[in-house]
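Have the sequence and the coordinates open as you read.

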Amino acid sequence: MSRLDVLCPIDRYWGEFTPANLVFNANLQEFSHQVSLIVALETGGKLSPQAAYEQIEALRTILSRSKQQLGIEQIDLN
């Protein structure tokens, strides 16, 4: 196991396989990893809450755009 495997773990995809779902899952895992790093920096006092919020919001926008471009359908959780 390399250091990269420990620092940036990527889990396998268990959902319904389509190329779009697989790509979106990779994007979602990257989003999650980056958000956890931003949160750690904010918690450790290295990043202001406002800067952390703005960075996470920018990442969310990118993820949302990715979902739209891939044609991933809206999931109804009700």
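What follows looks at a helix pair, its contact and the core beside it.

This is a predicted model, where local features need pLDDT of at least 70, side-chain atom pairs count only at pLDDT 80 or more, and totals for chains, interfaces and linings use all residues. Residues are numbered from 1 along each chain as its sequence is written, and side-chain values use heavy atoms, with hydrogens and water left out.

Let's start with the two helices (DSSP runs of H or I, at least four residues, numbered from the N terminus).

| Helix | Residues |
|---|---|
| H2 | residues 19-43 |
| H3 | residues 49-70 |

Helix H2, with 25 residues, reaches 36 Å from its first C-alpha to its last, close to the 36 Å expected at 1.5 Å a residue (1.5 Å times one less than the number of residues). After H2 comes Gly45, which has a positive phi near 80 degrees.

The axes of H2 and H3 come within 10 Å and cross at roughly 180 degrees (lines fitted to C-alpha atoms over the stretch in contact, angles running from 0 to 180 degrees between N-to-C directions). H2 is therefore roughly antiparallel to H3 (over 145 degrees). Contact (heavy atoms within 4.5 Å) involves residues including Phe31 and Val35 of H2 and Ile56 and Leu59 of H3.

Which residues form the largest nonpolar core? The five are Val35, Ile38, Leu47, Ala52 and Leu59; such a core joins buried Ala, Val, Leu, Ile, Met, Phe, Trp, Tyr and Cys residues through side-chain atoms within 4.5 Å, buried being under 20% relative accessible area with a 1.4 Å probe, protein chains only. H2 and H3 each give two or more residues to this core.

Note on methods: Angles under 35 degrees count as roughly parallel, over 145 as roughly antiparallel, 65 to 115 as roughly perpendicular and the rest as oblique. Buried means under 20% relative accessible area, exposed over 50%, partly exposed in between (1.4 Å probe, protein chains only).
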